[in-house]
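Student: I would like to learn how to read aromatic contacts in a protein model. Could you walk me through them?

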Amino acid sequence: MGLELYLDLLSQPCRALYIFARSNNIPFEFKQVELMKGQHKTEEFQKVNMLMKVPAMRDGSFTLAESIAILLYMVRKFKTPDHWYPSDLQKRARVDEYLSWQHISIRGKGSKLFLMKLLLPLLTGQPLPPEKLEGATEELNAVLKQFEETFLQDKPFIAGSEISLADLVALVELMQPVGSGYDLFEERPKLAAWRRRVEEAVGKQLFQEAHEGILNAKNLTVDMIAPEMLEQFKQHLLKQVA
Amino acid sequence: MGLELYLDLLSQPCRSIYIFARSNNIPFEFKQVELFKGGPGTGPGRAAARPSNSEGAGKVSLLKKVPALKDGDFTLAECTAILLYLSRKYNTPDHWYPSDIQKRAQVDEYLSWHHTNIRANAPKTMWIKVLIPLFTGQPLPSEKLQEVMEGLSASLKQFEERFLKDKAFIIGSEISLADLVAVVELMQPVGVGCDIFEDRPRLMEWRRRVEDAVGKELFFQAHEMIFNIRELSNIQIHPQLKEHLAPVLMKMLK
């Protein structure tokens, strides 16, 4: 039994793992965990990750949660090319810096906008008040500005001239608000150029494939959600955007 | 000019870096940053911080917050990044960030989970009980604190059941970066009178082990400000800072 990755490609960190593993030809078994069907709450999945979250990994008897931990584990175990997590002390620190900062900034605000613009209206049958959406959009815009000015600056990639884990983790997160209809790349040419470079570095086709689900998120309907999960999801999400 | 660490020990991530560096005898210059003093452009937490004593300090951290590291021309923000940089550059003992790929992954796993769980709620206790009243002149309704404590309890439950379990430390028999980052965060509520260790003997045992591993004296020294948090109420906060931050802080709590 080799490496197993427990994923739902609707989830940003799952996409980072999927793209990283495929792009580096890391052999793994794709274990689908459909969040909308509540498969993350099953007893079976809890044995892999008792935190009931995706992504999760199982390698023999070793289980691991948290996408950053899993990415780094794969880097080390499969000895991927240096640029992904450079051995140069300072470049590596730049990657660590981004991976740490992004949790509550890019990931936090991008997810929030996606929840408010698409997911909650899907569950409740009603859009959110425009002021709430505006507020969430402004928050995301603010961190996008920080991203461009502090992390990307005038470099091709976050750590310099080559793609690293930081770029991959950043881009998959930015695709979430895009999937909800906020094309944040439209008036940001520098970001758009960086996005193209990242897509090319991992492989355009692979990138498109990984993002098929999220880019069609607008076609999700409430009957796709397991009825017993509906109320739980609603309450959980309402708390997150409160 | 050697290693400079820009720190305010009121801040949890600053304490983990301070304790780590001192405990490992890493030579550095302590650059005091006082988050609550200073004029325009300064402020606590994620707002701008300007070191109180130097030129070019604004360059130190483009993210303008603490903690920050300056090593020659190289500047770095983010606690995890700084801790890892220090462990690599100064070749600290293996247990801090084990070379064993699985143990290392478990440290990474905790450091990642920490951001949106323990660190999501623990700091709010100080904001609610001390800082916001200090800035706005008004106490907050008790439901606010209750909400935060409930969130923190849920995270603590996961911490004990999923991360610590029956081990001495998060990854096993020796202390690692994970324990240090966790414990400093949990001292924040303790400082303001929400002693989360009180009814949690297993956690308290773990805390004692962490204190012993880094050195009790160092641990207490690093936490002196937190234990004397009442004194914060007497400091003079720059009026412009108060004006600027009061609405931001109120929003923060929503």
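Tutor: Happy to! Two rings of Phe, Tyr or Trp, the last taken by its six-membered ring, count as a pair if their centres lie within 6.5 Å. Keep in mind that this model is predicted. Here, ring pairs join A:Tyr98, A:Trp101, A:Phe147, A:Phe151 and A:Trp194 into a cluster.

Student: How many aromatic pairs does the structure hold over all chains?

Tutor: There are 21. One of them is A:Tyr18 with A:Phe30, an edge-to-face pair with 5.6 Å centre to centre and 80° between the planes.

Student: Why does A:Tyr18 count as buried, and why does A:Phe30 count as partly exposed?

Tutor: Buried means under 20% relative accessible area, and exposed means over 50%. A:Tyr18 has 6% relative accessibility, so it is buried. A:Phe30 has 31%, so it is partly exposed.

Student: And why is the pair of A:Tyr98 and A:Phe147 edge-to-face?

Tutor: For A:Tyr98 and A:Phe147 the planes are at 65°, with the centres 5.6 Å apart, so the pair is edge-to-face. Because A:Tyr98 is in helix α4 (residues 89–101) of chain A and A:Phe147 in helix α6 (residues 130–152) of chain A, the pair ties together parts 49 residues apart in sequence. Both A:Tyr98 and A:Phe147 are buried.

Student: Which ring face does A:Arg195 lie over?

Tutor: That of A:Phe185, at 4.8 Å from the ring centre. In chain B, B:Arg162 lies over the face of B:Phe163, at 5.1 Å from the ring centre.

Technical notes
Residues numbered from 1 in each chain as written. Chains lettered and ligands numbered in written order. Predicted model: local features only at pLDDT ≥ 70, side-chain atom pairs only at ≥ 80, totals over all residues. Heavy atoms only, no water. Phe/Tyr/Trp six-rings, centres within 6.5 Å; stacked < 30°, edge-to-face > 60°. Buried < 20%, exposed > 50% of the residue type's maximum accessible area, 1.4 Å probe, protein only. Helix = DSSP H or I, 4+ residues; strand = E, 2+ residues; numbered from the N terminus. Lys NZ or Arg CZ within 6 Å of the ring centre and 35° of its normal.
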